[in-house]
Amino acid sequence: MSIDRVILFRLATNSLLERGVRAAPPAERLAWRAAARYVAGTTAEDAVRTAHQLHERGVASSIDQFGELVRDAAEAERVAEDYLRLAGELRVLPDDAWLSVDLSHLGLDVDTGYCADKLSAVAEKLPPGRRVQVGAEDYDRADAVLECVLTAAGNGLADRIGATVQANLRRSERDLDRLVDAGVHVRLVKGAYVEPADRALPYGEPTDIAFTRLAHRLAEADASFALATHDGVLREALLAALGPRPVEQLLGVRPATLDDLVARGVPVRVYVPFGDDWFRYWMRRLAESRGS
Ligand SMILES: Cc1cc2nc3c(=O)[nH]c(=O)nc-3n(C[C@H](O)[C@H](O)[C@H](O)COP(=O)(O)OP(=O)(O)OC[C@H]3O[C@@H](n4cnc5c(N)ncnc54)[C@H](O)[C@@H]3O)c2cc1C
C-alpha cells in the first residue's frame, strides 16, 4: 500500500484534524466541495432525491445515514429512531431501495444485545422485499457485528438483512460461511480499514485473490451476494466466470461504469450516504482514489 494512502487512512480517523477543518469555515467549504461528489447531501430528503435519480437510470440504491462510534445510550436511541423513520420512508421509494447502517452508529459500543434488538426492529419496519445492509467496520468490532447480524437473522429476519464481508481479513472465509448458512445476503468488498498483518492481507494482489476466491465460494454455495468493487478488471473477470451478478458501487466513484453495467443487464446498486458526519467518509474515499 502506498504511503499517502496509509497516511490518508490514518488522517480519516483523526478527530483533531476533523475538528480543525470543520471549525474553520473556508477550510470546511473547500473540504465539502471535494466531498460532495461522494455524498447525497446532509438530509434524508437529499438521499431520497438521489435514490429517485438513480432509479431513473436503472440503478438501485442503499441509503445510509453517516455516523459511527456512538458510545452514548441516548445518542444511540436517537440514531435508532432515525433509522426506524428511514425504514418507513422507503415506502415512497422504488422497490429496489434498501438501507445501509454501521452498527457502531446504532449502539454496538453501548451494548451488543441492545444493538441486535435495534437492528431487528429496523429490519421488521422495512417494507416487504427490502433489506438493511450492515457495514463492516474495524477488526475489533467484527465479532460483535457478526453476532448482531446472526441474531437478527435468527429472529426470522434473514431475508431483510445484508452483511458486508471484507476480503482482506484473514477471518472472512469463516464468517462468510456462517452468513451463508444463516441465509443472509453478502456484500463482498475489498476492505477499507488498515489492519495489522496477522489480521489482514495487504492491499493489492493478495486482497484481490482473496476477493476472487470468496466470490467463487459464494457462487458455489448459491448464496445471495453482490460484488461491491470499482475494480474493473476484478469485476469483469468475475462476471465472465460466474455470469451476471449484482454489482455495488459507492456514490460518486466511477459513475460512468453504472450506465455501462445497466446497458449490459447487470443489476447495479449504489451506496447513497447522507448526513453531517461526512468528513471521515470523504477522507477514506480520498485515500482509495489514490489506488495502490
Ligand atoms: C457498496 C460498497 C460498500 C462498501 N462497504 C464497506 C464496508 O462496509 N466496510 C469496508 O471496510 N469497506 C467497504 N467498502 C469499501 C471497500 O472495502 C473498498 O475500500 C473500496 O471499495 C475501494 O476498493 P475497490 O474494490 O473499489 O478497489 P480499488 O482497487 O481500491 O479501486 C479500484 C479502482 O477504482 C478507483 N477508486 C476507488 N475508490 C475511488 C474513489 N473514492 N474515488 C475515485 N476512484 C476510486 C481506484 O483508483 C482504482 O482505480 C464498500 C465499497 C462499496 C463499493
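Q: How many residues of strand β4 are buried?
A: This is a predicted model, in which local features need pLDDT of at least 70 and side-chain atom pairs count only at pLDDT 80 or more, while totals for chains, interfaces and linings use all residues. Residues are numbered from 1 along each chain as its sequence is written. A residue is called buried if 20 or more other C-beta atoms, placed from the backbone, lie within 10 Å of its own, and strands are DSSP runs of E with at least two residues, as helices are runs of H or I with at least four, numbered from the N terminus. Strand β4, residues 161-166, is mostly covered, and the count of its buried residues is 6 of 6.

Q: Which residues of β4 lie on each of its two sides?
A: In a regular strand the side chains alternate between the two faces of the sheet. In β4 both faces are covered, with Ile161, Ala163 and Val165 on one side, and on the other Gly162, Thr164 and Gln166.

Q: Which residue of β4 is the bridge partner of glutamine 133?
A: Two strands pair if DSSP finds at least two bridges between them, and strand β3 (residues 132-134) pairs with β4 in the parallel sense over 2 bridges. Within this pairing, the partner of glutamine 133 in β4 is glycine 162.

Q: Which residue of β5 is the bridge partner of valine 165?
A: Strand β5 (residues 185-189) runs parallel to β4, and 5 bridges join them. The partner of valine 165 in β5 is leucine 188.

Q: Through which helix does the chain cross from β4 to β5?
A: A crossover is right-handed if, with the strands pointing away from the viewer, the path from the first strand over the helix to the second runs clockwise. The β-α-β crossover from β4 to β5 is right-handed, and the helix on its path, residues 172-181, is α8.

Q: How many strands form the closed barrel?
A: The barrel runs β1-β2-β3-β4-β5-β6-β7-β8 with parallel pairing. One of its pairings joins β7 to strand β8 (residues 268-274) over 4 bridges. The number of strands in the closed barrel is 8.

Note on methods. A residue is buried if 20 or more other C-beta atoms lie within 10 Å of its own, exposed if 12 or fewer, and partly exposed in between; C-beta atoms are placed from the backbone.
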